[in-house]
Amino acid sequence: MTQTQGSLVRQITDYAHRADPYPLYAELRKTPVAHDEEGPYIVSTYWEIHGLLHDPRLSSDARNLDPRAAPEPVDEDEGLPPSFLKLDPPEHDRLRQLAMAPFGPPHTPRRLHTMRGELTRIVGELIDGFEGRDRIDLVDHFSFPFPVTVICRLLGVPREDEARFHTWAGTLTTGLDPDPDADAAERQRTARQARTELATYLSELIEERRRAPGDDMLSAMVAGQGPEEGMCRMELLSTAALLLVAGHETTVNLITNGMLTLLRNPDVLVRLREDHHLVVPLVEELLRFDPPVQMLPQRTPLSEIDIAGVTIPKGAPVWLLLASGNRDPQRFPDPDRFDPQRKDNQHLGFGSGVHSCFGAPLARLEAQIALTELARRLVRPRLLEDPPAYRRNAVLRGPRQLPLAYEGLAPDGSR
Ligand code: HEM
């Protein structure tokens, strides 16, 4: 493989690799930290990625990128300021803690527990909706509506507005794809418009929740707002937008990739049907084997970093290939084997370090319930297309559609 300027980025983002990027990653791991003159530093091995995710010298704030090295001007913040995903400590920690207060331990330890029944009900209703058909597109009929409904309920977005959120979230996640062939100006224009519309919508919703609080997260974040310790208005806006977008495409792809992997491994599907405890390690293995977030292409050193014999200069763009680290034989024995009972499975599917996924407990629960119920209720399901057609996005990777056929539905015994 040649490593000339831009060629690694082109190979990684090349749609030809989308259905199976793993042979390319194996090739890339021969050079743990690879670089061409002006392009990003590409990190593809487990320990190097893990080390950098825990290194306080590596910034998530795009404003620290050297403007000569940044491929496109950074104007992401029009309409909304950067969310804590794109901030460094201490601001990152302050906002993450404020957002965490209404979401989980130690302040709200029962939030997820109390949602379990509702999640199971939403899944049951979606599967009931397959009645009378013998084939479905899993993405449209299940994987997409499920987490979108959940994140909207969690935040307190009225049901009738959910469709508008799908559109905004879709536009914003497409903007995360570092596709060198995309029309950058056009993408910035549509992303800017989506951010402005979303910000306007969320502003109104925040005002409503201030007047009439509910038991949702947005109401709790609004109530915690104050000049000293709470979030200011703009911080509330960007946090709400982050939760909405982060809770969208990612879980959709985990469920879809999960069902695809199960249908390619029918013995595991049978085992899951017989033993629903298997679902816990199985979802962890999916997050290792075929993770929805393939890479983090937005990091930069605050000062020079020496790693794997390479010096990464201050301000250079760094891409961390999480999905490649997950298949690193130096970390995981027999890494290309899907082993739902794998031990010592500290995968990078949710990242690691200070930015590690905030929504991981929710995403895990959603995927566990979804896959258990699909395995239990679909009678003799089979793939109608393998490999399925994938979305363009190389960062948030997953099938655009997953057409399935089945021979009937088992009754829902969970409700
Ligand atoms: C399978 C589903 C999901 C996957 C694979 C996933 C993956 C990730 C990854 C890899 C990161 C690290 C980003 C970085 O280091 O720059 C992250 C951060 C984050 N995720 Fe998730 N995520 C998922 C679901 C969710 C859900 C459901 C939510 C919201 C409820 C969420 C909220 C967040 C937030 C707020 C951050 C930023 C954390 C921070 O910067 O401190 N995620 N996620």
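Leu237 is found in helix H11 (helices are DSSP runs of H or I, at least four residues, numbered from the N terminus). This is a predicted model: local features need pLDDT of at least 70, side-chain atom pairs count only at pLDDT 80 or more, and totals for chains, interfaces and linings use all residues. Residues are numbered from 1 along each chain as its sequence is written.

**Leu237**
- Leu237 is buried, because 24 other C-beta atoms lie within 10 Å (the cut-off for buried is 20 or more, with C-beta atoms placed from the backbone).
- Beyond its neighbours within four places in sequence, Leu237 is in contact with Leu80, Ala199, Leu202 and Ser203 (contact puts the C-beta atoms, placed from the backbone, within 7 Å).
- Between the C-alpha atoms of Leu237 and Arg153, 84 residues apart along the chain, the separation is 17 Å.

**Ligand shell**
- Thr250, Gly351, His355, Cys357 and Gly359 come nearest among the 24 residues around the ligand (C-beta atom, placed from the backbone, within 6 Å).
- Helices H11 (233-246), H12 (249-264) and H16 (360-377) each give two or more residues to this shell.
- The shell holds 15 nonpolar, eight polar and one charged residues (Asp, Glu, Lys and Arg count as charged; Ala, Val, Leu, Ile, Met, Phe, Trp, Tyr, Cys and Pro as nonpolar; the others, Gly among them, as polar).

**H12 against H16**
- The H12 and H16 axes come within 10 Å and cross at roughly 35° (axes are lines fitted to C-alpha atoms over the stretch in contact, with angles from 0 to 180 degrees between N-to-C directions).
- H12 contributes Thr250, Thr251, Leu254, Ile255, Gly258, Met259 and Leu262 to the contact.
- H16 contributes Ala363, Glu366, Ala367, Ala370, Leu371, Leu374 and Ala375.
- By class, this contact has 10 nonpolar, three polar and one charged residues.

Conventions. Two residues are in contact if their C-beta atoms, placed from the backbone, lie within 7 Å. A residue is buried if 20 or more other C-beta atoms lie within 10 Å of its own, exposed if 12 or fewer, and partly exposed in between; C-beta atoms are placed from the backbone.
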